[in-house]
Amino acid sequence: MSTRRAAIVGGNRIPFARSNGAYAHASNQDMLTATLDGLVARFGLQDERLGEVAAGAVLKHSRDFNLTREAVLGSTLSHDTPAYDVQQACGTGLETVILTANKIALGQIDSAVAAGVDTTSDAPIAVGEDLRQILLDVNRAKSVQGRLKALARLRPNHVVPTIPVNSEPRTGKSMGEHQAITTHEWGISREAQDELAAASHRNLAAAYDRGFFDDLITPYLGLARDNNLRPDTSVAKLAKLGPAFGKALGDEATMTAGNSTPLTDGASAVLLSTDEWAAEHNLPVLAHFVDGETGAVDYVHGDVKEDGLLMAPVYAMPRLLARNGLTFADFDFIEIHEAFAGTVLATLAAWEDADFCKRRLGLDKPLGSIDRAKLNVNGSSLAAGHPFAATGGRIVASLATMLNDSGSGRGLISICAAGGQGVVAILEK
Amino acid sequence: MSDRYLNLVNSPIGSAVASRVGLPQPAVLRRHRAGDPILPGPAVVGSASGKKAPAALVKALTAAGVEVVDSAEGSVAALILDARSVAAPADLAAVREFLQPGLRTLAASGRVLVLGTPADGVDATVDASRQALDGIVRSLAKELRRGATANLLWVQDEASLASALRFFLSGKSAYVDGQPVLLGTGTAPAPKNWDLPLAGKTALVTGAARGIGAAIAGTLARDGANVIVADLTQAGEALANVANRTGGTSLHLDVAADNAPQRLLDHLAAHTDGLDILVHNAGITRDKLLANMVPEQWDSVIAVNLASQLTINAALLASDQLSAAARVVCLSSTTGFAGNRGQTNYGATKAGVIGLVRASAAAFAVHGGSTINAVAPGFIDTEMTAKMPFATREVARRLSSLNQAGLPIDVAEAVAWLSSPGAGGVNGQTLRVCGQNLVGA
């Protein structure tokens, strides 16, 4: 059975907004629908029946069980376009690209949208577990007496709702606290983290200024740029911030609000198809999806340094490169999602560590260094923000545009995710 | 926004009051709706030569579905006079004789359309008599009531006559009043389907996110064009809605940016088989008395409203992205004719556009019979004019022969006509869509 190449035709996202800001009253469905409509407008897909739309959100209301399908029904796409939800934490966006690209490669569909959305502003709030159990018992009771008996168990403290928190169920630690340990274990300096953060803001601002995002963004609710972007930030300004995570490390705490991504709202979408479908629709192909790989680490029981919560891409990457016979030198652009500056730097350090690479990755020599001039050249999550499931789509569409702008080349993507997971992928022009 | 005064004087009580105290009585204009005939009733067609109306004219009208009659029996929807033979002052009496009886029976939103021969500078008597028609039509337009209009076609060549008749007699020209248009030589093929004259054409409209630009995009799409709607990235959300309503595609483009022509050419090369229709609609205002104007207010208006049109036109003509028989329509303004206090910068650009199309006509004509024209809107109800102070807006609305503001669709209809294959003989001209604005008309 022959496979086909999945083309990246283009993308669309709404500007990312810091939590409880510009999109405070927008729901996941609102943002995803607007993002799909912007994509439809850019590529003239009104009433077009696509093969499928795959999307997801990390923070989701229970009523949004069919979030993506509902967004399609609210969009200007043909309502005969099927859709499904995907959830792989921060890997969601890239995973939807892999899933749809695979279906295109296998000949099951000719076109697809891969997307992601997240809001930490319009977050689901649930009643506490005790109250939930009581209410369920009231519902189950068959008599007035039974219902009263169940209600009699109500206590004043039951009114406190459960608000979702950015923490791992198995450790109770937030993502930042996990990364603070990893950052510290790998000996990543505060200066290196601040430099990476400053570069992210500088690169993103420059990209906006030269119109790089003109074909990638559709403004939403009055926002035309990511509002986390601080074009005038500098290493000196970032150095003044106090630690936000790993405070237990005392003087050795290095992670601040400046070198960590803030909670963010936003959505992104990528249009994929076969080359033939794109040609039929008079749409140029930006790049092709080559391959993807997912990895996971046992951050609960594993080594405190080498199995950090956000270290899974470190393990997925050598498998992906080996399967495709490539090394870092074969890539023109490398996109490593900046969950925290420490995540990127610990990942790079691991790939340069001969002992680690031999023991844990089974390599004779280090996987290698990454030329910083190729890394996140148009900024990444530290500047843009990180609406969890929307980050993958942001990176794929931007990277495909970079490859198209340079005429040829290869691009590499690495995204870490909660639950000790990571997704990596290759694009080429 | 709705014109409350217009609605009021068209109610039974409002109408009675307005008529007794002598207030202006704007009519609800006949505007084109899908499936409407060109005219809702018969047209009296005559000739100033004393002979019968020429067969070619009657044939063109009949082909357009117009019921042609020789004299007014009851209500008529249009009076069409072929006055091309007028060559001496005495010939003008025939114009009066033809028009007089019909005026009394002209229906609401009726049409008076006069065909003349353009002056050619050969003979003073002939030219004076021909030019006199312009004064008759402009004055008659001011005399007509109930939404009726009078316009003049200078027929140098009949190629564009069929499409001009359809435009000027139908509701598409509702807000064009007292205007002359020269129908010159040019290739003006009849479309396969007069309801879809732009079928298969690729059009690009700048400044299309809202107001007049959005209406133009919708009207070109209605007429069959594939429309690329362009506007600033900042307007992208509204722009996407326009694209999705019109079944078009959106393009974020700052027409004043240095790289705009190249970005436009790259987009056309990647996404189209060439551009057939370009509408330079993007425009800004930075109103200030000249005495107080800062350089930025001057420069930005010049850059967006005028310089961008020149550079983009030059780039398109030098590229292989502009199709043969292309149509370019530039947005001017009645401010370009009459001036406006506080708008020296804007007035400069809008008068500049009139000069631009006049001077560019020849270059476009040799590009496979392409044309370039301008449309000059008068007072149009848009989001922009809705922000004017109430009294100023109400006064401005009444300052035209039609006693009301135009709508974005009125401008869009004129743009769509000039964008159509059938208007190939119209080149280098500026058509006012202003309800015969009393200021500088």
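**Strands, domains and contacts**

Biologist: How many bridges join β1(B) to β2(B)?

Modeller: Bear in mind that we are looking at a predicted model. In it, β1(B) and β2(B) run parallel, and A43(B) stands opposite V68(B) in β2(B). The number of bridges joining β1(B) to β2(B) is 2.

Biologist: Is strand β1 of chain B largely enclosed or left open by the rest of the structure?

Modeller: The strand covers residues 43–47 of chain B. A residue counts as buried if 20 or more other C-beta atoms lie within 10 Å of its own. By that test 4 of the 5 residues of β1 of chain B are buried, so the strand is largely enclosed.

Biologist: Which are the edge strands of the open sheet in chain B?

Modeller: The open sheet has 6 strands with parallel pairing, in the order β2-β1-β3-β4-β5-β6 (chain B). An edge strand here pairs on one side only.

Biologist: Which elements give two or more residues to the side of domain 2 of chain B that touches domain 3 of chain B?

Modeller: The domain assignment puts domain 2 of chain B at 39–183 and domain 3 at 202–433, with their C-alpha centres 29 Å apart. The contact takes 20 residues from domain 2 and 17 residues from domain 3 of chain B. On the domain 2 side there are 10 nonpolar, 6 polar and 4 charged residues. The elements of chain B giving two or more residues to that side are α5 (124–143), α6 (161–169) and β6 (180–183).

Biologist: And how far apart do the C-alpha centres of domain 1 and domain 2 of chain A lie?

Modeller: For chain A the assignment gives domain 1 as 129–159. Domain 2 of chain A comes in two pieces, 175–211 + 290–428. Their C-alpha centres lie apart by 49 Å.

Biologist: Which element gives the most to the side of chain B that touches chain A?

Modeller: In this contact 15 residues of chain B meet 19 residues of chain A. The chain B elements giving two or more residues are α8 (236–246), β9 (249–252) and α9 (260–271). The chain B side divides into 3 nonpolar, 11 polar and 1 charged. With 5 residues, the element that gives the most is α8(B).

Biologist: Which residues touch the most other members of the largest nonpolar core?

Modeller: Nonpolar side chains tend to be buried together in soluble globular proteins. Here the largest nonpolar core has 260 residues. L220(B), for one, touches residues including L198(B), V227(B) and I277(B), leaving out those up to four places away in sequence. Those that touch the most other members are I8(A), V113(A), L272(A), V205(B), L220(B) and V375(B).

Biologist: Last one: what is the radius of gyration of chain A?

Modeller: Chain A has 14 helices and 12 strands. The globule rule gives 22 Å for its 429 residues, and the model's value is close to that, so chain A is as compact as a globular protein of that length. Buried residues make up 55% of the chain. The radius of gyration is 22 Å.

Methods: Residues are numbered from 1 along each chain as its sequence is written. Chains are lettered from A and ligands numbered from 1 in the order in which they are written. This is a predicted model: local features need pLDDT of at least 70, side-chain atom pairs count only at pLDDT 80 or more; totals for chains, interfaces and linings use all residues. The radius of gyration is taken over C-alpha atoms; the globule rule is 2.2 Å times the number of residues to the power 0.38. A residue is buried if 20 or more other C-beta atoms lie within 10 Å of its own, exposed if 12 or fewer, and partly exposed in between; C-beta atoms are placed from the backbone. Two residues are in contact if their C-beta atoms, placed from the backbone, lie within 7 Å. Ala, Val, Leu, Ile, Met, Phe, Trp, Tyr, Cys and Pro count as nonpolar, Asp, Glu, Lys and Arg as charged, and the others, Gly among them, as polar. A nonpolar core is a set of buried Ala, Val, Leu, Ile, Met, Phe, Trp, Tyr and Cys residues joined through C-beta atoms within 7 Å. Domain bounds come from an automatic or database domain assignment. Two strands pair if DSSP finds at least two bridges between them.
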